[in-house]
Amino acid sequence: LRLLPWTSDLHQWCARISLLRSVDENAGWPDVSQENLLATVEDWLAPYLHPVNSLQDFKKLDLKGILEALLPWEKQQRLNQLVPTRLKVASGSKIAIDYTETPPVLAVKLQEMFGCEETPAIADGKIPLVVHLLSPAGRPLQITQDLAGFWRSSYHDVKKEMKGRYPKHPWPDDPLVAVATPKTKRQL
């Protein structure tokens, strides 16, 4: 399988399907684990190998299209509904979800989550995301699956420490009523 042109997006795609399989094994999601893909390579890859004459030709294969052919159109649509690649956060930004982590991770700047008390979840609310709240420089300040608890407790300690380090960014006393923003105070 290492001969094939894998991308981070394809690894994410496989992780999304594997996550849905773990939630409901009877929903008909294909097994796209590396082990199963290797065991069934003759079924899903062989029909696309007619133009392959050298090792370099493997890199030219449309692996995304080949793998997506494992899902009927309806399943592809359902995949995007249940486990989207990006999630719209309180600020309006669409942030990428990392499905290669278990549970999946949403890494977002803390200021973009002001006013959001409920921890974001996917798969019809069955799987809460792990939220990595980041500093304005993109470094993790807090990792949580309890956003409401963070705002009521740890936020005040984080605010004390970060307010002096990042004075251009908003650090409100009550983050649950503050407006979420990706901007600095000057840009508001």
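The following paragraphs go through a predicted model, from the whole chain down to single residues. Local features are given where pLDDT is at least 70, side-chain atom pairs count only at pLDDT 80 or more, and totals for chains, interfaces and linings use all residues. Residues are numbered from 1 along each chain as its sequence is written, and side-chain values use heavy atoms, without hydrogens and water.

The chain holds eight helices and seven strands; these are DSSP runs, with helices being H or I of at least four residues and strands E of at least two, numbered from the N terminus. Its C-alpha trace spans about 65 × 35 × 25 Å along the principal axes. The radius of gyration is 21 Å, whereas a compact globule of 188 residues would have one near 16 Å. That radius is taken over C-alpha atoms, and the globule rule is 2.2 Å times the number of residues to the power 0.38.

Of the 188 residues, 41% are buried, meaning under 20% relative accessible area, with exposed meaning over 50% and partly exposed in between (1.4 Å probe, protein chains only). The chain exposes about 10900 Å², and carbon and sulfur atoms supply 50% of that area, by the Shrake-Rupley method with a 1.4 Å probe. Among contacts (heavy atoms within 4.5 Å) between residues at least 6 apart in sequence, 54% join residues at least 24 apart.

Helix α1 covers residues 8-23. Its 16 residues reach 23 Å from the first C-alpha to the last, close to the 22 Å expected at 1.5 Å a residue; the expected span is 1.5 Å times one less than the number of residues. Which residues of α1 are buried? They are L10, Q12, W13, C14, A15, R16, I17, L19 and L20. The cover over these buried residues includes the helices α5 (63-68) and α6 (73-82), and also the strands β2 (94-98), β4 (121-122) and β5 (127-128).

Two loops carry backbone features. In the loop between β2 and β3 (105-109) lies P103, which is joined to T102 by a cis peptide bond with omega of about -10°. The loop between β4 and β5 contains A123 and D124. A123 is not a glycine, yet has a positive phi of about 55°; D124, also not a glycine, has a positive phi of about 55°. Are A123 and D124 buried or exposed? A123 is buried, at a relative accessible area of 3%, while D124 counts as exposed at 57%.
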